[in-house]
Amino acid sequence: MSQEIEFKGGNGLSAGQGSPRNILCVFPRYVPSFGTFEYAYPLTDGVRAFMPPQGLLVIAAVLPKSWNVRFIDENMRSASASDFAWADAVFVSGMHIQRRRMDDICKRAHAAGKVAVLGGPSVSACPELYPAFDYLHVGELGDATDALIDILARDVARPPGQIVLRTATRRDLCDFPSPAYELADISRYFLGSIQFSSGCPYTCEFCDIPGLYGRVPRLKTPAQIIGELDKLVACGVNGSIYFVDDNFIANRRALRDLLPHLIEWQKRNGYAVSLSCEATLNIARSPEILKLMREAAFDTIFCGIETPETEALTAMDKRQNMVVPILDAVRAINRHGMEVVSGIILGLDTDSRDSGARILEFLEQSKIPMATINLLQALPRTPLWERLQQENRLLDEDICERESNIDFKLPYDEVLAMWQNCMATAYEPETLFARYEYQMRETRPNRLRRPWSRQRLSPRNIVKGIEILARLFWFVGVRSDYRWTFWKFALGRLRRRQIEPILSVGLCAHHLIMFARDASAGRGNASHYSVKARGLELEANLPR
């Protein structure tokens with residue numbers, strides 16, 4: 001039986017009273033997926049995980065300064081018995097896809113006799129899925145966080161029943177502390193992560209962001225962002241930082257105010273890092289923003305294109321993708337030197353047996369190198385979830401054998417086969433490298449020319465580049481079965497001393513090719529949001 005508490009106080013965080021505490025923050029491991037680049041890690045100089053988690057690192061930063069905090073990302077190493085023995089309380093956060101891992105961490109905490117606390121997007125949407133945790137923090141940073149700190153400051157014994165703490169008053173993003181990047185091994189992540197805004201004004205049927213974080217974007221100040229960027233660099237971030245905002249252009253005026261600060265920061269730091277983000281495709285309507293993003297060294301924008309079929313976009317309430325013709329929008333972004341990474345969905349109600357072929361035709365026309373083709377999954381508390389629930393088309397993913405929790409209009413086996421064919425065809429090495437060749441001709445020449453600064457030519461970066469190049473040449477150029485395709489791309493650039501594209505394209509292409517092969521053979525997850533434990537064979541074989 002759980003006890004639910006909703007707080008109606010202010011949103012200033014308490015320093016807590018009582019004894020100092022030892023808090024173990026544990027981030028659960030992902031099942032290997034298309035978007036987390038596990039196949040690229042063995043080719044790097046020691047990367048072990050994709051991006052540092054913002055949520056847990058922010059929570060670590062708001063805990064009382066007298067408390068001791070330890071952070072462990074189980075994508076790098078598992079929390080040990082000694083870690084649990086050290087802790088007074090164990091904090092966990094994650095998304096729906098990590099549910100089984102979160103439950104496992106809870107079991108280990110309880111086996112060690114420690115109180116287990118869960119927060120984050122999954123429990124905020126579905127607290128009923130987590131009956132085993134002692135405390136549930138539902139909602140964002142705010143008055144419930146105050147209460148949790150005060151409770152643990154007084155007593156770290158496990159309560160007799162579950163206690164649910166719901167945030168009634170959220171803390172403003174401009175009052176957030178800088179994430180505790182210093183607790184994480186930032187240099188072992190593929191990308192750095194940073195957040196500027198929260199929330200999105202659009203109401204796409206399948207998306208849970210408006211329900212979780214609201215439709216009115218909340219913002220950090222430019223000074224906060226510059227401070228966090230400085231901190232990431234000081235902590236050893238690798239050469240790229242990703243803005244994890246749900247929609248980077250949710251507030252265009254605020255973004256226009258931020259970008260000049262990013263440009264000045266890049267100049268001060270010798271353009272040592274590239275930037276990337278997620279934004280709606282209608283960013284193409286804002287050439288002044290694209291121009292500033294180019295000057296700030298944004299190289300990639302993830303856009304949820306979802307489908308090239310206008311009927312489907314209307315049905316999912318994603319009309320913002322039709323403000324500018326999709327191919328025109330992609331070209332506009334490319335003209336400013338930025339590659340588009342696309343989200344693509346199969347399994348829509350409007351899909352036909354030709355939808356897979358139309359997706360492949362769209363990729364050929366758009367020349368988008370990386371498209372995260374994914375089976376539709378209904379996320380809790382979304383309009384899609386509510387509609388399918390009324391139509392009795394939601395499946396219990398804990399017992400069904402399918403890779404989506406949706407009863408599709410088309411036969412499931414046909415949809416799955418269509419997805420597998422799309423993955424196999426789109427990421428056949430010759431086809432993929434042809435799309436990258438297009439980007440080398442038509443997009444990358446439009447990028448801002450980066451200076452040969454002391455930051456970019458630091459000894460660390462030079463050594464790292466040599467190590468990655470050597471691994472690429474051995475594992476891809478010698479041992480892989482697509483080595484001649486790789487050399488066709490690489491040799492001309494070697495002659496022109498264009499090393500960076502060999503590194504960046506080589507790492508990404510290898511992951512895409514290898515993951516797509518697993519996908520088409522039935523060894524990879526078809527829905528990147530499903531909690532099904534697919535991909536465990538791959539996970540067991542990846543170097544750790």
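Here are some questions and answers about this predicted model and one of its residues, Pro127.

Residues are numbered from 1 along each chain as its sequence is written. In this predicted model, local features need pLDDT of at least 70, side-chain atom pairs count only at pLDDT 80 or more, and totals for chains, interfaces and linings use all residues, while side-chain values use heavy atoms, leaving out hydrogens and water.

Q: How many helices and strands does the protein have?
A: Helices (H or I, at least four residues) and strands (E, at least two) are DSSP runs, numbered from the N terminus. On that basis, the protein comes to 19 helices and 15 strands.

Q: What percentage of the residues of the protein count as buried?
A: Buried means under 20% relative accessible area, exposed over 50%, and partly exposed in between (1.4 Å probe, protein chains only). Of the 544 residues, the buried share is 58%.

Q: Why does Pro127 count as buried?
A: The cut-off for buried is under 20% relative accessible area. Pro127 counts as buried because its relative accessible area is 13%.

Q: Which residues does Pro127 touch, not counting those up to four places away in sequence?
A: Contact means heavy atoms within 4.5 Å. With residues up to four places away left out, Pro127 touches Leu136, Val138 and Arg166.

Q: What separates the C-alpha atoms of Pro127 and Val164?
A: Along the chain, these two are 37 residues apart. Their C-alpha atoms are separated by 8.2 Å.
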